[in-house]
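Hello,

Here is the structure I said I would pass on. My notes on it follow below.

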Amino acid sequence: MTLESDNGSLRIRVFNALENAILNGEYPEGANLTELKLSKDLGVSRTPIREALMQLELEGLVKNIPNKGSVVVGISEKDIDDIYAIRIRIEGLASRLCAENITDEDLKALEKITDLQEFYLFKNNLDQLWSLDGDFHKIIYDSSKSRPLR
């Protein structure tokens, strides 16, 4: 588990790292998440860890148990189905707004990314494909000109 080096605040980066670790199974259902261990693992103070855990509890991914800390609740098959149903609709909306608002510069950037994706697909370089996929979607969402979607 690592902190992404984007421009987000430390609190957001810690939250994203923990959320991804839970969703990717690094912390399975029932795992105990202690502030001290997480702060050491991520190299941050306990404050952004505490804030991230509170947000994760609001999202239903962890449950705070007094004198034990936060415990991973996990996600059900229905949760996964719901997530994808919602994402399909959000992605469609972002794509439509992007098509209406995209600049020539961003369109060229998307074309470059898809060319690179094809190249790395043939090379079977999944790490690079995953990175490019994030870049692709960032341009789509940014070009939608919708702050809430971003």
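**Notes on the model**

Setting aside neighbours within four places in sequence, Gln117 has contacts with Leu129, Leu132, Asp133 and Phe136. Please keep in mind that this is a predicted model. Gln117 belongs to helix α5, which covers residues 104-122. Is Gln117 buried or exposed? Its relative accessibility is 16%, and the cut-off for buried is under 20%, so Gln117 counts as buried. Pro28 lies 89 residues from Gln117 along the chain, and the C-alpha atoms of the two are 31 Å apart.

Now the chain as a whole. The protein chain contains six helices and three strands, and their order along the sequence is α-β-α-α-β-β-α-α-α. Its C-alpha trace spans about 55 × 30 × 30 Å along the principal axes. Of the 150 residues in the protein chain, 28% are buried. Taking contacts between residues at least 6 apart in sequence, 54% join residues at least 24 apart.

The three strands make an open sheet, ordered β1-β3-β2, with antiparallel pairing. β1 (32-33) and β2 (62-65) are at the edges and have a single partner strand each, so one side of each has no neighbour in the sheet. β1 is joined by two bridges to β3 (residues 69-72), and the two strands run antiparallel. Leu33 has Ser70 in β3 as its bridge partner.

Last, the nonpolar cores. Which residues have the most contacts inside the largest nonpolar core? They are Leu18, Ile22, Tyr27, Leu33 and Leu56, in a core of 19 residues. At least two residues of this core come from each of α1 (10-23), α2 (35-42) and α3 (46-58). The helix that gives the most is α1, with six residues. Another core lies apart from this one; it has ten residues, including Ala94, Leu132, Ile140 and Tyr141. Leu132 is also one of the contacts of Gln117, and Leu33, named above for its bridge to Ser70, is among the residues with the most contacts inside the largest core.

Regards

Terms used: Residues numbered from 1 in each chain as written. Predicted model: local features only at pLDDT ≥ 70, side-chain atom pairs only at ≥ 80, totals over all residues. Heavy atoms only, no water. Core = buried A, V, L, I, M, F, W, Y, C linked by side-chain atoms within 4.5 Å. Buried < 20%, exposed > 50% of the residue type's maximum accessible area, 1.4 Å probe, protein only. Helix = DSSP H or I, 4+ residues; strand = E, 2+ residues; numbered from the N terminus. Contact = heavy atoms within 4.5 Å. Pairing = 2+ DSSP bridges.
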